[in-house]
Amino acid sequence: MKKKLIRELITALVLAIVVYAIFAIGFTTGIINSYWQGILMLVGINVTLAVSLNLATGYLGQLTLGHAGFMAVGAYVSALLSMYAHLPFVLTLIIGALAAGFIGLLIGVPILRLKGDYLCIITLAFNEIIRVIIVNLSITNGSKGLIGTPSDTTFLAVYLVAVITIFVVYSIVHSRHGRAIISVREDETAAELTGINIAYYKILAFVISALFAGLAGGLYSHYIAILVPKYFDYNKSVEILVMVVLGGMGNLPGSIIAAVALTIIPSLLISFSQYRMLIYAIVLIAAMLLKNSDAGIALRAKLPKLKKREEVEE
Amino acid sequence: MSSRKPLLQTKGLGIQFGGLKAVDEFNFSIDNNQLFGLIGPNGAGKTTIFNLLTGVYTPTSGQILLDGKTINHSSPTQITQMGVARTFQNIRLFKDMTVLDNVKVGLHHSHQYSLLASILHTPSYFKGEMAMDEEARSLLRVFDLEKFANVKACNLPYGKQRQLEIARALATSPRLLLLDEPAAGMNPTETAELMETIKVVREKFSVAILLIEHDMKLVMGICEKICVLNFGTVLAFGTPDEIKNNPDVIAAYLGNDA
């Protein structure tokens, strides 16, 4: 078991390096132009967001709609630290992530007593509270947006963070802690009566999820030219949730693929201008139908090789 | 009652839901390694007692003593960690997890390694995981479930799901195991197998077992002592033979004219 796992880890590491090398060659040779490089950065950020939300929603089973709020905390904290305290980029990212995790802890302790729809609504409300606070603060320059954050985010940084997020979430899920988290999703009462401290594991998963959202936020604020609070409204939370749901609850490769697809598709549709969101919606509906229809399931069963490769990717 | 301290004891235990006294003045005690049956007509309060003993409900009167210490206000998690495990009337497995992982959840507390260890894959992670794997498999072997180790729990046949639930409960290394209608929905052959299993479990894991069951053959066959409940109060208490011949019990089950 140990040898097998180490072999898998090494395979994953090699794969991660190879994939990065391909992108790096693409950038230097100009096959991937700067427009697409920008989109790939967003892809990486969205992968981080989707994978981290999957821990709270897919594995822990708590439907939350406030992920963009934690992203906003990370984004603003790290941006302000860069601008005013002139801290190094990596340090601002870490502090931003910790701040988001801390807010996650503050919010999580009271609200994780709620379940289902109620939890969904209250996380949505907290998302809006965070956004409205940012709009009304002077240091964040309100809804006019924050200008002047150094653009430190490189593709390597985004890629590394995404890989680390996937690795951490994967490792947690495949440990005793992960099994405890999943058991809470499966049956809270049974988990409690099997000796699992469900309150602790709910908060743990929620905080880790918020932490990585904050990290993604920090990357975003050092990438985008103008940081506006409107970006972090409930639409963004829904967008991340859609990635998780489409990719499959508790399915890491699924989240990654969905995050990649749902970031690239809107960019491809840019030539449709005002019909863009319409087509995006149709693509989403089609994907959902295909995912759950018999035909779609049969189609996937025919692709065993593809499935194997996805699994190794973690 | 013997002079040594009983494993679990209740004193005047009761719970009231609004105006309804679901359980009232329930006194009993169970010793180490004893096999105790709890029977009674539907709605007598048997499962409510299980819920009280495991901390799902907080009693409105009386006391529950584990090793002589009150556990009235302990959480279900704490009570489980103190050595009381249970199964459920309507099976509550972690359906989307594998059979092996179900048992490993039960082993959560016996092999501890930190969150950081699991992320960094330190030696303690591997040591813990391998020990858990080994222990979970040996538990599954007792129930002849090892060949299903990587099957999702929801795909197991019904009788096997019941057994897996017992295996998961045993994984928490309990001293007292509460079985809520383990034979429900089983055919006579399966029930006979289950009787054997219960005996084996008791010997091998040296646990006390408190059993709710409607199958009289099973209860009378294996329990050393039986407590009969009716309308939340104790109707009779004694050995299987005493219970069989108790006129009150016969009246409760069959009606007064019988």
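Which residue takes a positive phi just after α1(A)? The points below answer this question and then turn to other parts of the structure.

1. Basis of the note. The model is predicted, so that local features need pLDDT of at least 70 and side-chain atom pairs count only at pLDDT 80 or more, whereas totals for chains, interfaces and linings use all residues. Residues are numbered from 1 along each chain as its sequence is written, and chains are lettered from A and ligands numbered from 1 in the order in which they are written.

2. The helix α1 of chain A. Helices (H or I, at least four residues) and strands (E, at least two) are DSSP runs, numbered from the N terminus. Helix α1 of chain A covers residues 2-29, and its 28 residues should span 40 Å at 1.5 Å a residue; the end C-alpha atoms are 40 Å apart, which agrees. The expected span is 1.5 Å times one less than the number of residues. The count of buried residues in α1(A) is zero, so this helix is hardly covered. Here a residue is buried if 20 or more other C-beta atoms lie within 10 Å of its own, exposed if 12 or fewer, and partly exposed in between, with C-beta atoms placed from the backbone. Just after α1(A) comes A:Gly30, with a positive phi of about 85°.

3. The domains of chain A. The domain assignment divides chain A into domain 1 (1-32) and domain 2 (33-313); such bounds come from an automatic or database domain assignment. The C-alpha centres of these two domains of chain A lie 23 Å apart. Nine residues of domain 1 of chain A are in contact with nine residues of domain 2 of chain A. The side of domain 1 that touches domain 2 holds seven nonpolar, two polar and no charged residues. Two residues are in contact if their C-beta atoms, placed from the backbone, lie within 7 Å. Ala, Val, Leu, Ile, Met, Phe, Trp, Tyr, Cys and Pro count as nonpolar, Asp, Glu, Lys and Arg as charged, and the others, Gly among them, as polar.

4. The helices α3 and α4 of chain A. The axes of α3 (residues 67-85) and α4 (residues 89-111) of chain A come within 8 Å and cross at roughly 145°. Axes are lines fitted to C-alpha atoms, for helices over the stretch in contact, and angles run from 0 to 180 degrees between N-to-C directions. Among the residues that make the contact are A:Phe70 and A:Leu81 of α3(A), and A:Phe89 and A:Ile103 of α4(A). The residues of this contact divide into eleven nonpolar, six polar and no charged.

5. A glycine in α4(A). A:Gly101 lies in helix α4 of chain A and is buried, with 24 other C-beta atoms within 10 Å. A:Gly101 touches A:Val207, A:Ala210, A:Leu211 and A:Gly214, not counting residues up to four places away in sequence. A:Gly101 and A:Gly214 are 113 residues apart in sequence, yet 7.2 Å apart in space, C-alpha to C-alpha.

6. The contact between the chains. Chain B gives 30 residues to the contact and chain A gives 22 residues. The largest share of the side of chain B that touches chain A comes from α5(B), with five residues.

7. A loop residue of chain B. B:Asn33 is found in the loop between β2 (20-30) and β3 (35-39) of chain B. The phi of B:Asn33 is near 65°, a positive value in a residue other than glycine.
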